[in-house]
Amino acid sequence: MEVFVIRLLQFIMAISLLVLLHEGGHFFFSKLFGVRVEKFYLFFDVTIGKWKGSLLKFKPKKSDTQYGIGWLPFGGYCKIAGMIDESMDTEQMKQPEQPWEFRSKPAWQRLFIMIGGVLVNFLLALFIYAMVLLAWGDDYVLTKDMTMGMKFNSEAKAMGFQDHDILLGTDKKTFEAYNVDVFRDMTKASRIDVLRNGKKVSIPVNEQLNLLNMLKHQPQFVSPFTPAVVDSIMHGYPAERIGMQAGDKILSIAGKKIDSYNEFTYEIGRLQDVMTTATKHSDSLRVRHTTIQWLRPHTNKVYTATVNLTPELQVGFYTKAYTGYYTITHKSYGIFESIPAGIRYGWNQLRGYVGDLKYVFSADGAKSLGGFGAIGSLFPPTWDWHAFWLMTAWLSIILAFMNILPIPALDGGHVLFLLYEMITRRKPSEQFMIYAEYVGLGLVLLLMVVANLNDVLRWMGIM
């Protein structure tokens, strides 16, 4: 419960900041060009019956704008006078055009008003990345420094990879830090180079690898080899009851021999799959009732114990992260270095995200979509400002890109119609804009339903 609350607070804090600044971008350019903003809200003040839904609202003297906080924490909005938006205020559009309305302004000014939110979100992401690099620097493990090499799945081994191979690079570039870019680089390669027993070996890639399959298959196509060595014991859990100690090396679980923590987690995952098919309590208990074998290195003694795992199939021990076994490369940045480095980092994140979108239009890609639950789970389980700001910057880039897509009801839809107007010198009719807004809202709501339904199905173990 504590982890859920921490992640929820981080999610709400990040989304609130991003939405507030996004709408602030629209607000800034509206005021700059003399357009009246009627309402500026964080969250939605959905009306239910006589209740207007505002937790807080105020209107400064001599101001045309009402500021407030709604009760539905799914975004926010900036209601611009004389504009067809998600508020669908068609009554206002029937009135004579006023000089302080959005519709009365030149197309180029309306264009800046519409891209204001996206512009702020993108610049915010670059700023956050720059400040993170300035404050914390960058810590990573180079793939060439992973001296125990990698663990590969059966698909990778069929291509010629072997466990403990050290990834070096492809025919196009040398690998650096182990992250998703390594997988992206492999999908573009015709050759992948590894270090095997001190010698460089080149493995041909005869057909293009699929990034989505490489990441979602269990076990993963490739992951850092991590020893199945206990680092610490969780109090009150099965590992403590059977006498396991820090330093013990796990040899097998449920009769399956393992050579790494990678294989241990895979076997636990396999048991979880069996657990989802259990229809009776006795079936669940049968899955949880298993054997574990481990070696105590300083005595060279092997222990075997029968144990009842927790309902979540936890044994109850911690291991070191793979970074704990290798040399960490740290790079510090001064103020003048952090800004261009932050821009490069943010641009690389955007480029990778846009490139990966092609996978969304496949059946597996649609299943990989996640809603609020999936996004919230990406935040760390403990409060970590470094991880929080990196996640916030990444969400800011996603928010900017998704909003600039040429879909009616999103900023990009309005930009598309404005560009059409600037090129043809003809305005789309208000009736057309209203219908387009309805279509766009329908598409956005459908996407939200699918993404959040996927979260529910994953939580239920159905998908």
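The legends below describe close-up views of a predicted model.

**View 1. Strand β12 and its two antiparallel partners, β13 and β14.**
Strand β12, which covers residues 249-253, is joined to strand β14, residues 289-296, by 4 bridges, and these two strands run antiparallel. Within this pairing, K249 stands opposite L295 of β14. Strand β12 also pairs in the antiparallel sense with strand β13, residues 256-257, here over 2 bridges, and S252 has K257 in β13 as its bridge partner. The hairpin formed by β12 and β13 has 2 residues between its strands, and A254 in this hairpin takes a positive phi near 55°.

**View 2. The largest nonpolar core, with V222 among its members.**
This core holds 23 residues, of which F161, L167, M186, I192, F221 and V222 touch the most other members. Two or more residues are given to the core by each of β6 (150-152), α5 (180-187), β8 (191-196) and α6 (211-216), and the largest share, 3 residues, comes from α5. When residues up to four places away in sequence are not counted, V222 touches M150, K151, F152, L167, Y178, F183 and M186. Apart from this core lies another one, of 20 residues, including M244, F264, I292 and A305. As general background, nonpolar side chains in soluble globular proteins tend to be buried together.

**View 3. T310 in the loop between β15 and β16.**
The loop that holds T310 lies between β15, residues 301-308, and β16, residues 317-318. T310 counts as buried because its relative accessibility is 13%, which is under the 20% limit for that class. The side chain of T310 reaches the backbone nitrogen of Q314 at 2.9 Å. Leaving aside neighbours within four places in sequence, T310 is in contact with Y237, P238 and R288.

**View 4. E337 in helix α10, shown together with I398.**
Helix α10 spans residues 335-356, and E337 is found in this helix. Because its relative accessibility is 47%, E337 counts as partly exposed, a class that lies between the limits of 20% and 50%. The second residue in this view, I398, is 61 residues from E337 in sequence, and the two are 25 Å apart in space, C-alpha to C-alpha.

Notes: Residues are numbered from 1 along each chain as its sequence is written. This is a predicted model: local features need pLDDT of at least 70, side-chain atom pairs count only at pLDDT 80 or more; totals for chains, interfaces and linings use all residues. Side-chain values use heavy atoms; hydrogens and water are left out. Two strands pair if DSSP finds at least two bridges between them. Buried means under 20% relative accessible area, exposed over 50%, partly exposed in between (1.4 Å probe, protein chains only). A nonpolar core is a set of buried Ala, Val, Leu, Ile, Met, Phe, Trp, Tyr and Cys residues joined through side-chain atoms within 4.5 Å. Contact means heavy atoms within 4.5 Å. A polar contact is a pair of N or O atoms within 3.5 Å; within protein, one must be able to donate a hydrogen and the other to accept it, and residues adjacent in sequence count only if both atoms are side-chain atoms.
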